[in-house]
Structure formats: C-alpha cells, structure tokens
Amino acid sequence: MMKDTLLEMLKPFGPSGSERAIREKIAETVRPYADELFSDAMGNLIAVKRGTGEGKRVLFSAHMDTIGLMVYAADEKGFLRVTPLGGVNAAQMVARKVVFENGAEGVVYSEPLPDGKYTMGRLFIDVGAETEEEALKIAPIGSVCSLPLQAAFLGERVSAPYMDNRSACAVLVELLKALGPTKHDIFAVFSTQEEVGCRGAKAAAFALEPDVGIAIDVTVAGGTPKADPPMPVYVGKGPAVKVKDSGSISTPAVRDALIAAAKRAGVPFQYEVLPYGGTDASAIVTTRGGIPAGTLSIPCLYVHSPVETVSLRDMEQSVQLLKAYVEGME
C-alpha cells in the first residue's frame, strides 16, 4: 500500500509555486478520510480530522512542492535560460530531459566550461526552437519545468526524483488513513513553497493556531563511500527524530514525545542533528508567539538529485510512530 501511495504522489507536476496538480491528486486521495478539506491563499491543502473537542490542535505539515527551474529569458537562437526554484544542483541537471507544466519538453545542456565548473548561469534548455520568439511561445517567461518521473526499485528502497518531499506526503496520507477517532483536532497540511522558504507552512500555522506542529520531511542519510558530512542517519534503520538543523531546534517536549511514541510503537528510530537545511518546523515554531514544533525525518540518500532514495520500511514505520504520537498525547 505504501509503495502504491508513494508512486501516486511522485507522478504529478509540482515545483514551488506550481503545486496545482499534486494538490488535486492529494485532495482526491484524502477526501474520504477528512471531515473538512480546503485550500488557502498560499495554495496549501489542509485536511481536517475533527476530534471530540477535548484535546489539542495538532498540525502535521508535509510540503508537496519540489525543486525545479523557471524560464527568465531566451536568446536569439531559441535557447531558454533558467533560474532555480530551490536547491538545484547545476551539474546534475546537464543532459537531462525536463517537462513544463503545459506539457512541452526540453533537454538541459551547458555552455563550455573553461574552469570545469557547472553553474546555473551556464545552463540552457533546448526546446527545438530556432528563434527567441519561437522559444518563448513554447515556454513563456515564468514557465516552470521539472524532471519527469523515472523510478528504480532497489529491494525495499525506491529511487526517484522528488522523494523530497513526496515521500513525506505519502506518509501523511497514510497517517490520515490509519488514524481512528481521537479527542484531538488533526490538521494535515500539504504545504507549498517550502523549497523557497517554508512559505506555505508559515501561513497555515498562523491561520490554524495549533497547539503543536510536526513537520514531516526527508533528511540527508549517510553510509555512502566517503560521505560528507558523515551523517549517522541511515536508510532502512527507521525514521529520524530531528534534534536540530539550520532552521530550527526542535522543542524538547515535542522531540521527547516523538521518541516516546517510537518506543511505544516498537519501531526503531534515529537521532538527527543536521548541520544545515531546514523544514516547515522552522516556520511553525516562529509563528505568532511561537508554537512548539519538531520534525520527523525520512532518511534519504542523494537529496536534491534525480535519484533520491528512501526505504518503504522507514516510511511505514514513520506512520506507526506518528499514529502512536497522536494516540499518546495528553
């Protein structure tokens, strides 16, 4: 079931600011499991599971946007120039096919490299045009593109673009399915524009005023040859409870409650101290007067590459842990 859900989450288009297709797919999927379902001005999708009114307001946030490229110009020979949406590695985009929201296709290549360095300013997209006007008719300025889905199945691991953060979207979908009646109001936020600054989660957390917020995201995994940094978080060894990253230090009470939930559920877990990066928790914890927040992370190899790799078992255990967290809340 998790594999099927993950693949359905990976298919729709959805770079930052262009999340319509993935929002519609998630809405279709979670509608039977939500008491309310709506979108806000930021394009967040919010699924509400009402409690008895005697508990807390609990927000879970999994961002549905991906990294991508946006057209800002075309030259006289019809080659498009692009700027990144999020942390795009220029070298990993060279000689790749891309697909635009309107269905147009192109291929990415680079100018010659006198210093051997790929940079975003040297990349261009060939859409088969021969003039500036023709290129911009195919992909006008502001058009967004991303890599097409190409998945590899490596035992119980799956490798594909956009595990960041569609794997977490799949976990949140499965959590909504798994949760039974509860006294708590559950707000499942599928947020927008995380890759460009955690913007959707900030708006959602401000509007919903939760008592606690949990971001669900991926984290960098170690274990590969000469990994830098040598992260002691590994794919296949359970979800990771975040202690800190560059965006937030997890609220100790939330961190400890996630650890306690893992123990009650009998699932393995790992501690995550990430020396960079950030999640929607950074937006939640600083909203209004401050909201207690933490992050549950899915270990992921090759983050922000075309071959992001996660474990289905880690994802399933994430659902079990989060279910135990809700059921164990005071």
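Three strands make up an open sheet, with 3 strands in the order 10-11-17 and antiparallel pairing. The edge strands here are strand 10 and strand 17 (308-311), each of which pairs on one side only. From one strand to the next, the twist averages 25 degrees.

Please keep in mind that this is a predicted model, in which local features need pLDDT of at least 70 and side-chain atom pairs count only at pLDDT 80 or more, while totals for chains, interfaces and linings use all residues. Residues are numbered from 1 along each chain as its sequence is written, and side-chain values use heavy atoms, with hydrogens and water left out.

**The open sheet and its helices**

- Helices (H or I, at least four residues) and strands (E, at least two) are DSSP runs numbered from the N terminus, and two strands pair if DSSP finds at least two bridges between them.
- Strand 11 and strand 17 are joined by 4 bridges in the antiparallel sense, and serine 159 stands opposite threonine 309 in strand 17.
- Helix 5 packs on the sheet, touching strand 11 and strand 17, and its direction makes about 25 degrees with that of strand 17.
- Helix 9 also lies across strand 11 and strand 17, running at about 55 degrees to strand 17.
- Contact means heavy atoms within 4.5 Å; axes are lines fitted to C-alpha atoms, for helices over the stretch in contact, and angles run from 0 to 180 degrees between N-to-C directions.

**The barrel**

- In the order 4-5-8-7-6-9, 6 strands close into a barrel with antiparallel pairing.
- Neighbouring strands of this sheet are turned by 45 degrees against each other on average, direction ignored.
- Strand 6 (residues 97-100) pairs with strand 7 (residues 105-110) over 3 bridges in the antiparallel sense, and valine 98 has glycine 106 of strand 7 as its bridge partner.

**Helix 1 against helix 9**

- Helix 1 (residues 2-10) has Met2, Thr5, Leu6, Leu7, Met9 and Leu10 as buried residues, where buried means under 20% relative accessible area, exposed over 50% and partly exposed in between (1.4 Å probe, protein chains only).
- The cover over these buried residues includes helix 2 (20-30), strand 10 (152-154), strand 11, helix 5 and helix 9.
- Met2, Lys3 and Leu6 of helix 1 meet Leu312, Met315, Glu316 and Val319 of helix 9.

**Helix 7**

- Helix 7 (residues 252-265) has buried residues Val254, Leu258, Ile259, Ala261 and Ala262.
- Seen down the axis of helix 7, these fall within an arc of 155 degrees, so they line one face of the helix; the arc is that of the directions from the helix axis to the C-beta atoms.
- The face turned away from the buried side of helix 7 carries the exposed residues Ala253 and Lys263.
- Among the elements packed against the buried residues of helix 7 are strand 13 (212-220) and helix 9 (312-327).
- Just after helix 7, glycine 266 has a positive phi of about 70 degrees.

**Backbone spots to check**

- Aspartate 164 and asparagine 165 are joined by a cis peptide bond with omega of about 15 degrees.
- Tyrosine 162 is not a glycine, yet it has a positive phi of about 75 degrees; tyrosine 162 is buried, with a relative accessible area of 10%.
- Glutamine 193 has a positive phi near 55 degrees, and glutamine 193 is buried at a relative accessible area of 18%.
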